[in-house]
Every structure is written in C-alpha cells, then in structure tokens.
Amino acid sequence: MDTSGMNLTYTLSAKTKKILQVLIAVGLILTIWGILKHSQTDIQKQRIWSNIWVNIMFFFGISLLATFFYAVQYAAEAAWAVAYKRIMESVMKFLPIGAILVFVYCLLGVLGVHHTWKWLDSAAVTADKVLQNKSAFLNPGMFLGMTAVFLIAYVAYQRWTCKVSIDIDNGGDGTQMWKTNRTRAAGFLVFFGFTSVVGSWFWFMSIDAHWFSTLFGWYVFAGQWIGAIITFNLIGLHLKSKGQGEFLNDSHQHDMGKWMFAVSFLWTYLWFSQFMLIWYANLPEEVSYYQARWDDYRCMLWTMFFVNFALPMIMLMSRDAKRNRTFIFIVGCIIFFSHWVDTYLLVMPGTLGAEGHIGLMEIGMFLASTGGFAWFTLSQLAKAPLLVKNHPYLQETLHFHI
Amino acid sequence: MQHESAIREPLILGHRTYHDITEDIARPIEGRANKYWYLVFTIAVCAFTWGIGCLFYTIGTGIGAWGANKTVGWAWDITNFVWWIGIGHAGTLISAVLLLFRQKWRMAINRSAEAMTIFAVMCAAIFVTMHTGRPWLDYWLFPHANQFGSLWVNFNSPLLWDVFAVSTYFSISLVFWYTGLIPDFATIRDRAVKPMSKYIYKILSFGWSGRAKDWTRFEEVSLVLAGLSTPLVFSVHSIVSMDFATSIVPGWHTTIFPPYFVAGAIFSGFAMVETLLLIVRKVLNLEHYITVKHMEYMNIVIILTGSMVGVAYLSELFISWYSGVEYEAYAFLNRATGPYWWSYAGMMTCNVISPQLYWFKKIRTSLTATFILSIVVNIGMWFERFVIIVTSLHRDYIPSSWTMYHPTWIEIGIFTGTIGMFFTFFLLFARVFPVIALNELKTILKISGESYKKEAAAHAHH
C-alpha cells in the first residue's frame, strides 16, 4: 500500500483545543466549588488527597499499561498493532510525568502531609499489632525505595523505546532495531510482571492495611489494561473524525474492539474470582474489605461491576459492533468512566471510611484530569508522524485484513 | 490480499506442494506401522491393562485399597485428576485461543493437541469417578428430577460445578475436534482404495463435498466453537481450583488460585504437547510441518506461563507472611521445610527455574533439550498438585491427627494405567486419523512455505 498520499502530520486543532480547555475549566471550577462547599475538617482534607491519588493512579496506570501492551506486541511478534504504534507512544509519553506524580504523592505520605496509608503513621503502628507484624515490608524506606526503583525502570524502558522509534524513522535499521526491541520488551515484561504485583500491594492494597489478597495485583493490572486499550481506541477514533489515520482500516478497528471485549472479560473474571472466594469463605480478616464496600458503597460497587462486565459483553459481542466507530466510542467512554470508579473504590473506603461519595469535587477532578491527560497525549501525538517508517511489519499491517 | 513480513520464519520447510501435504499426512493412515509403533503400543497396552486390573481391584475392595486416610482424604486420586485435566488445557488453548489470535503456527499442532485434550480428560474422569468410593452410584452427581428421589445435589458446592465444567469441556472439545476432522476425513475417503476403509471414512466425513458453502459453514462453526471454548479454557481450571479455594484449609484458601491454576494448566499442557509432537514428527516423518520454530513458540509459551506460575508461588508465599495469619504462614513453612519438603523443592525447581533455561535461544531451539524439559515440567506440575493437596492436608488444625500419606501399589498401578491408556489412544489416533489439519495447513502454504517465501523475497528485490 502506498502511504505517500496520506497526511501523516497531526495538529491539535483550535476546535479540539477549545473543547479540552472547556473540559479542564469546568473540571477545575467544579473541583474548587466542591472543595469550598465543605468546611475543612480532617476528613474533607483527606478527601481531596484521596481524589488526587485516584486520578494520578488512573492515568499513570493507563500510561504504564500502554507501555506493557506495546512491549507485548514486540514479544508476540504482532504486526497488526504497528498501525497503532504512534498512538501507543503518545499515551506512553505520559509515563514519566505519571511516575513523578506517584513518587511525589508517596513522599508526601511519608512526610505526613496526607493520611492515605495508615501504616505510615508511627503512632498508629505502635497501637496495632497486625501492622507491627507487617512493618518489615510496610515501612517508609521500603515503600519509597521500591516505588522509586520500579518507576525508574519503567520510565527507562519507555523513554528508550520511544526514542528508538523516532531514530528508525530517520533512517535507522528497522529490522535490527526490531530485534533489539523484542529482547528488551521481553526484559521489561519480566520486570513488569514481578514488580507490578508488588507495586499494587504498596499503592493500593496497603491502604486497607490489615487486608490481603493474593489475586489483588493481577486484578489491578487488568483494570488498568482496559483503560489503556480504550485510550488507544479513542485516539484512533479521534484521528478518523479528523479525516486522518487512513492506515487504520476496519480490521484494525475490529481488533482493538476485540481487545476491549477480551480485557473486559479478563477484568471481570479476576474481580469475580477474588470476590467470590472471599464471600464464600466468609473469613473476618478477608471479608472486611468487601463489607466496607458493601455497607457504604454498594450502589457504586454493583453498578461498576455490571457496567464493566455486562456492557462490553452485550454491546461488543458481534463483529459489526466492533467495527462500528460510533458504537465503540460510546461504549468505550462509559467503560472508561466505570473503570475510574473501580479505581475510586480501591482508594476511598480505606482512606475515608463511610465518608466518601461522588460529588462535585470528584466529577470536577476527573474531568480536569481527563482534559489535561488528553491535551498532553494529543500534543505528543502531534510531535511525530502518525505512521512509523522502516518497520519490518509495516507492509503487513497496511495490508491487514480479517 | 494478505502480506507476510519477510522476517517471519517459514512454518512449512523445504518445497512442498498441495499434493505433497496430502501425501505426507495420509501416509501413516494408508501405510503400515513400523516396528517402533508396535513396540510402544505394546508397552502402552500392557500398562493400560495393568491399570484396569488395579481399577477392578479398587472397585472390588473399596478405596481402602488406596493410601488415603482420615487426615489426608484426597491424595493421589485428586492429584492425578487435576494433573490430567490441566494437561488437557493446552489443546483447547491451541485450538481456540490461538485461532482467535490468528496464529498460523497452530495449524500444524492443533489436531494432536486436541486429541491429547480428549484423552487427558478421559484419564482425569477415571480418577474423579473412582474417588467417590462407590462409582456405581456416581449418577447422583447429576441433578435428577425430584421424583427420582428426595436427595438433590448441592448447588453451592464447587464439586458439583466441577461436574458441569468438566462435562461441558469434554463435549465442546470433542465437537471442536471432530468438526475440524471432517474435511480431512473426506480427503482420506476420496483417496481410499479398499472398500471397507472407504465406507468407514465416508460415514466419518458426514458427506463433506468441499463446496464453497461447506467451507463457509466450516469456518463459521470453527469461530463459534472457538468463542465458546475460550471461556472454557478459563472456567474449567478455575472451577477445579475452587474445589480447594472455597474451603478454609490453609494453603488452599487463596484468591489467586483460579488464574494461577489456569496458567499452570496451560504450562503443563504445552509441555505434554511437546513431548507427544517430538515423538510424532520423528515417527511419522512430519519434520517439514512440525518444525523447530513450532517448538520455539511453544517454549516461549512455557516461559510465559511458567513465570506466571512463579509470580503466583511467590505471591502466595509472601502473602502467607504478610497476612499475619499463623495457620497460613505455617502451611507454607511446612511445605518448604516439613517432611514433604522434597515435593516443594521439586515443584519450584521444575516449574519456576527450569523453564527459565528457555531464555537461551540455543536451548529453546534444541529438540533434545525441549524433550527433556517438557518431561521435567510435567513432573513439576504433578508435584505442584501433590504439594497443594497432600502437604496442606497432612498437618491440619489438630496436631493429634497429623499423619503422613504413602501411596499403595494399587494407586501407582492406576496412575501408570492412565498413562498407558493415554498413549494407547494417542497411538491409535495417529494411525487412523490425520494427525495434522491438512486442509487448513494448505491455506498457509503459499504464504508461510519456505520455498514460496524465498520466491517472494526474490521478487521483492527486483
């Protein structure tokens, strides 16, 4: 296929900018309004912090899992996704910023600025035998040290692979670099596979410091993965709406739709496995986690679960639905928000108890972060041609047909 | 128009034509078996017969003939059941998931992998029906109409879910396997010269004519079955894991069990596919089709699933300490340092460490190494189930009931018998069924055949 006639330069148009500006402005106004509406008690202050953490982790998770999915394409020798390569890279480029935000937030927790993790408060640990037993793992040094090591390694791979991608465009040996990339992708996947589990223990599971679940890491992983897949989808659809991205054909769209469908099922499977086994055995030390969500967040818990499960199952089952761009857009946006709620439920009951609820502040902060994230991602997309050059699978992806 | 990148390695070696493929794959069916086939077949049948004898002994005597006791109520029976069910998973993964992922390399291996699934589930069924103690009453495992009796099955029990899961799995796998065989049976039918074999293959091929309409329906049905089988890859072993995980036995009740059992099942299944295919390609001269590249891909799946199992082992170990639950912590301490430490050590070495050798390209492309490691992995996965079942049970909550478990020769005989049965069936399969999906394989010949790839590359240079 000839790509010379295609416009491969994306520019963030005035209209898109305006939409995103409005989104960010409305988000910020709602956030400030939501904050000022309440008197500044300790729990209200923590509510602001917890919300910040939800949004940091949601978008950091998307860029991290974008990097994971990108590496998987190399390790699995997949050609179809090469057409999405630049879109993936634009999402991955948020990773350094996300990593800094994660680290700063953790550091502020250690410094006692916020109280997201109870076990960082030495007075609370002295009074709590369970936390004392865990202190060999749950301590500030281990927390910051592991967080830093994980983040530095993730960012190092992401920056390297994004840089190489541009180098190849400018006349590098695509086939040779593909091989190097494949080896490094495998290395990253192994590192990611072991550390993402530990990361999820620190960043999410230890918020409910007494509670534990061996499946937890994989469940968090699946939720973030679906976020990344939807982001790729939405950016692809945005390009199409601008009349660009001619190289993304219906088969590419179909495959991305399949991934949305499949990862939604994976997430549901893992959510259900964890929930069902804990509910079934009904042991006090385990069931407390769901009891807290059941008592105070029941409506959100079940809505989130059924939206994330039933919606993709019913809406994306058929082949035609996966090729219908409007359909993918609507379903994608709903699941995207619903997985934000999933992240919200990971954080809130443990930090706010029964006090958390979705109000102006939550909606506002979500809108503002989504707007900011979209702005950043799209301006990264504008920095490089939309299609890679010199890639050994380029012709295969351009001729992709299922 | 499809296009395949030049850097992809060929999946059919040398220069083959469509006719060559038919000839190569029909040869074992139409010709006579060599002496190695008879030798292996005799050994397999002897083991099988021995196993049947031990089964009858068990039925006549009761399961007191086994080593299981009051504390260790499940032992070799369930270990072997889970082991065989797990092995079956690779067949479903190859036929369903790899079809959905459009992996062309699946075409040379899916037929034998699916056959392996069916035979493995049959072996598993023996243990699970026997372990009830009175197998003639096993029809009570199914929910009957209430008029039949007042006792109904317990729908809250994962053991019942297992009955449904495994029987669904078996039926879908059988249908999938058979559907795939129909066009190939028709090819054998069209070539048959003896009236008897022509007649048999005529019945087996369901009047397949090879019309475009037949192929459309064939492809649609394959996709639907792949869609149905993919959740089965997950559900069957998840439910098997729930047989343990829904209980409150330390070491059993852990949330990671469902996905970790699935990963482990695929892991051991691929190892068994490798063991079988390495023999098949040699004995039936199929080196052109089942290539080193196929083995390399399977070895990569083994690294992946082996590492996932590794993450799960370490997560469990860590959380047993992190949870602060002393029973849980002791269960793991006992696994690693108790009287059955050797089975834990064997599991860790065979399942987590040995697959890491495949990071070296030399090892993952060596057929000898692959053959040895595939057996090592299956030993390791057997140990895993033994560790989970026996080590967790033998020291329960009341130290006065702590005991050891030793298998009797009857149990060993039944296990050997299932291995014999597995190979007996597989060897028969290899003689009367086309072991490679020959008609499907032909669809990739011009794209992934070595000589055609070279030709295309030569064209691209001009």
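A: A salt bridge, as the term is used here, is a side-chain nitrogen of Lys or Arg within 4 Å of a carboxyl oxygen of Asp or Glu. The model under discussion is predicted. Within chain A, A:Glu77 and A:Arg182 form such a bridge, their closest N and O atoms being 3.1 Å apart. A:Glu77 lies in the loop between α2 (42-75) and α3 (85-92) of chain A, while A:Arg182 belongs to helix α8 of chain A, so the pair ties together parts that are 105 residues apart in sequence. Side chains of opposite charge can pair when their charged atoms come close. Over all chains, the count comes to 28 salt bridges.

The interface is the next subject. Across the interface of chain A and chain B there are 2 salt bridges. A:Asp255 and B:Arg102 meet through their side chains in a salt bridge, with an N to O distance of 2.7 Å. The interface of chain A and chain B also holds 17 residue pairs in polar contact, both residues being at pLDDT 80 or more. On the side of chain A that touches chain B, at least two residues come from each of α6 (129-134), α8 (174-203), α10 (250-281), α11 (284-296) and α16 (394-398) of chain A. The largest share of that side, 12 residues, is supplied by α10(A). Sorted by class, the side of chain A that touches chain B has 31 nonpolar, 11 polar and 8 charged residues.

In total, 50 residues of chain A are in contact with 45 residues of chain B. The area buried between the two chains is about 3,800 Å², and carbon and sulfur atoms give 69% of it. A:Thr214, A:Trp218 and A:Leu277 supply 19% of the area that chain A buries against chain B, more than any other three residues.

Finally, chain B contains a helix crossing. The axes of α4 (residues 110-130) and α8 (residues 257-283) of chain B come within 10 Å and cross at roughly 115°. This crossing of α4(B) and α8(B) is right-handed. B:Ser112, B:Ala113 and B:Met116 in α4(B) meet B:Gly269, B:Met272, B:Val273, B:Leu276 and B:Leu277 in α8(B). The contact of these helices has 6 nonpolar, 2 polar and no charged residues.

Methods: Residues are numbered from 1 along each chain as its sequence is written. Chains are lettered from A and ligands numbered from 1 in the order in which they are written. This is a predicted model: local features need pLDDT of at least 70, side-chain atom pairs count only at pLDDT 80 or more; totals for chains, interfaces and linings use all residues. Side-chain values use heavy atoms; hydrogens and water are left out. Contact means heavy atoms within 4.5 Å. Buried area is the accessible area (1.4 Å probe) that two parts lose on being put together, summed over both. A polar contact is a pair of N or O atoms within 3.5 Å; within protein, one must be able to donate a hydrogen and the other to accept it, and residues adjacent in sequence count only if both atoms are side-chain atoms. Helices (H or I, at least four residues) and strands (E, at least two) are DSSP runs, numbered from the N terminus. Ala, Val, Leu, Ile, Met, Phe, Trp, Tyr, Cys and Pro count as nonpolar, Asp, Glu, Lys and Arg as charged, and the others, Gly among them, as polar. Axes are lines fitted to C-alpha atoms, for helices over the stretch in contact, and angles run from 0 to 180 degrees between N-to-C directions. A crossing is left-handed if the near helix is turned anticlockwise from the far one by less than a right angle, and right-handed if clockwise.
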